[in-house]
Structures are given as structure tokens and as C-alpha cells.
Amino acid sequence: MNSQQHRKKDDDKLSWVSLSLFGAGCTLGTGFFLGTSLAIHWAGISVLILLVLAATGTYFVFGALAQMTADDPKEGAFRTYAGEAFGPWAGFGSGWMYWFSEMLIMGSSLTALGLFSQFWFPKFPLWAFVAVYAAIGLFIAALGAKGLTKTENILAVIKLAATVAFIAIAGAACLGWLPVKVTPEQLKNEWFPHGGKGVWTGFIYAFFAFAGIEVMGLMAANLKEPKDAVKSGRVMLLSVSTLYVIAIALILWLVPSAQLTPDESPLVKAMSAIGFTVVVHILNGVLIIAGFSTMVASIYAITSMLVKLAEDGDAPKLFTNTWGKKDMPLQALCCTAAGLVLSTLMALWMPKSLFEYVTTAGSLVLMYTWLLICITYIKKMKPVKWNRIKVWIAIVLIVAAVAGTAMEKASRTGLLASVGLLVFLGIITYVVHKVRGSKPPQSAPSKT
């Protein structure tokens, strides 16, 4: 590789600020703008405590992944590290576990984008909206890491600006600076509206608001200075967590938690409560941007994961084939597109309650990926003292959140489905590696 190629490669690397912004783009999605309504419904005011606990657990998980990246930056991130720590079977299982979890979630994300868009264009077919968003998402993912980073950074700025604007407007309303009246009835939110059981049930939805850090972890290998991964995650999570807590606190000031439903954003509900209909339309646009942004990041992540699986012999070799000057993994993208179509058809054709179980299962499997990151960190890095305590705190918090889904009937079915999926993937992993024997996979030569 000549000096010009070296300079070009360095130019493609990310600064820690760019990675922080990228992480905010991946994290600040429908999990916050829409999903927190469920956390508020179950936990009431105590959702603020749950958000702080979830942010703490998330920070410790990303800290573990970032330390592994700083010590040994590699493509495939957590999946590669799991394989190194526990053997080829762990790399195979963790990679496919992540791929399946994101695919199960993707159909509901695309359907939600279509429903948000029908708020403005009710006569436009839902499937057409879904097809358009999927096509654009695949196109952006095909641009590679550089194109994705630029797109995510722009969308992140929009989402952050919208959140700050919401806080400013809602805060002014609560302080009496705007001509709106907050009635005493609206201030009767309780700390524990459904008791301790409700708080436990709502815990998992607080964690879902931070989903996306694993994509940030995959991109951390592209940092100019891998050791900056920890700093990048710290800045991103501190900023996003602060916005979450302030925004939810203002929502609780303006809207009774009992009035929040999973079909309507709590931010939109708050703006409706004070009569800001124009802002409602703006927030609907932000919801679309948030959902689209996280979807695109997921498409890129699972496609990259598929390529890495293929390079290590854990997926068909054809997925390593590239096309064009940008080395676009065309076959891997086609596989992702096929998965998108299947997941979306499930969302459109399956009974709503049944597909909610599937989506919940996919989200929980993503939490299992976080647990694997923590366990891999303990095995690979052998942390001592405070670092070891932090990772065990993260494990306890995630296990507690997952266990809380057993408290409510709908989420309990999703929990059972996630365990079933985990067992299925475990059997496949065992069979594949039993057939192969214990030989480690041969990595494909890296492209320079």
C-alpha cells in the first residue's frame, strides 16, 4: 500500500466526536420517542430512576466493549471478541443471534415508519411507504461506513435539536411562560401507579431506549485512535441520558401517565396537551427521522456482521463478494433485503398481538447480546477491582430488566419466545460445530 493509499485510509477513519454523534444517531430513536410511553405507563414517576439505572448499565456495557476495542480493534467487534474468548462456536452463535434479533425488530420499525407517514398521507398505501423507506435505507447502507456516518450525523443533529426544542417549549409551559394552563389533575402522577411489580415490568423499556450502542461498538474499530472509544461513549451516553431524564420529567408534569399509550409518542402527547398542534406535526417528522435513522444503522450493522461471518466461514462465502469501486457487499445486502421483506410481511400479515410477541423476543435477544459482551469482557480482559464491579453491575441490571418481562402477560410471551429462539440458535450452533469438529474457522484475507 503506497503513502497515498495510507492517507486515504486515515481520512476514512472517525474522530471520537464523530463517533459520539454517530452513537447519538443510533441510540436516539423510537425506543425513546415512542417506546418510553410504556415505561412511563408502568412505572409512573419512578421511570426517572429506571432511566438512570438503564443508562448506568448501558454505559458499563459500552465501556466493556470500548475497552476491548481499544486493546485490540477488530472488525466484527463483540462477535469477534466472543469467538476469541470462548472459541469458534461463540463467534458463530453471537453473530447469528445479533442478525436474527435485528431482523425480527426491523419489520415493526418499517411498519411504524409507514404508520407515522400515514398521519400526513392517510390514503397512501402502507406497503408503499414501507417499500420506499426500505429501499432508501438499503441504498444508504450500500454507501459504506463513510456515507452512513455522514447521514447518521446529520440525522443525529436533527433529533438532538428537536429534543432540546421540546425541552425548551415544555419547560416554558411548566414555568408559566407560555399561555397554557396545567391543571391540578394533570399533576397527579404517582411514583408507583402499578406498585413495585409495575416498576419491574417497565424496566426493560428503559433499556430499550438505549438500544443501538452495539452498532456504535461495531463502528469504534474505525476510530483514528481506538483508545478514544471509551471517551466517545461517555460523552454520548451522558448527553443522551440527560436529555432523556429532563424530557420525561417535563412530560410527567404535563400529562397523566395513565393517558399514555404505546401507539402515541409521549412527546407528541405532551405537545397536544398544551395545544401546540404545529409542534405535533414537527415531532411526527422527528419520529420518522428517528425510526429511519436507527433502521439504517441496523441495516449496515447486520450486513457488516454477515460479511464478517462469511469471512470467518460461519456463513456462505458468497457474502464476502464485493462490487464496484466502493467494494459494496452486494450479495450480503441482497440477503439483508430478503430478510427485510420477510420481516415486513410478517408485520403486515400476522395478527398484531402475535407479531408484538415476535418483536419483543427480538428486542430481548438484543439484550442477550449485551450480556454476552459483558461475559466476553470478563473472559478476555480479566478485569480487576472497579472494572470488574462495573461489568457485574451491568449484568445484574440487564438480568433484572429481562426478568421483569415475566411480570406481564404480553411481555411474558415475548420472553418465552426469546428463550425459544435462543435455544434454537444454540442447537444450530452445536450441530454446525459438531459437524465441523473443533477446528477454528479460517479467516478470509483482509483487503488492503
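Contact, in this tour, means heavy atoms within 4.5 Å. The model is predicted: local features need pLDDT of at least 70, side-chain atom pairs count only at pLDDT 80 or more, and totals for chains, interfaces and linings use all residues. Residues are numbered from 1 along each chain as its sequence is written, and side-chain values use heavy atoms, with hydrogens and water left out.

**The whole chain**

Select the protein chain. It has 18 helices and zero strands; helices (H or I, at least four residues) and strands (E, at least two) are DSSP runs, numbered from the N terminus. Of its 448 residues, 55% are buried. Buried means under 20% relative accessible area, exposed over 50%, and partly exposed in between, with a 1.4 Å probe and protein chains only. Among contacts with a separation of 6 or more, 81% join residues 24 or more positions apart.

**Helix 9**

Next, select residues 144-174, which form helix 9. Helix 9 has 31 residues and reaches 44 Å from its first C-alpha to its last, close to the 45 Å expected at 1.5 Å a residue. The expected span is 1.5 Å times one less than the number of residues. After helix 9 comes Gly176, with a positive phi near 80°.

Two packed helices are described by the angle between their axes and the distance between the axes.

Which residues meet? From helix 9 they include Leu160, Phe166 and Cys174, and from helix 12 they include Leu243, Trp253 and Leu254. By class, this contact has 13 nonpolar, two polar and no charged residues. Ala, Val, Leu, Ile, Met, Phe, Trp, Tyr, Cys and Pro count as nonpolar, Asp, Glu, Lys and Arg as charged, and the others, Gly among them, as polar.

**Thr429**

Go to Thr429 in helix 18 (residues 409-436). Is Thr429 buried or exposed? Thr429 is buried, with a relative accessible area of 7%. Not counting residues up to four places away in sequence, Thr429 touches Trp89, Phe92 and Gly93.

**Two lysines**

Finish with Lys382 and Lys385. Most residues other than glycine have a negative phi. Lys382, in the loop between helix 16 and helix 17, has a positive phi of about 50°. Lys382 is exposed at 59% relative accessible area. Lys385 lies in helix 17 and has a positive phi of about 50°. Lys385 is exposed, at 70% relative accessibility.

Technical notes:
Axes are lines fitted to C-alpha atoms, for helices over the stretch in contact, and angles run from 0 to 180 degrees between N-to-C directions.
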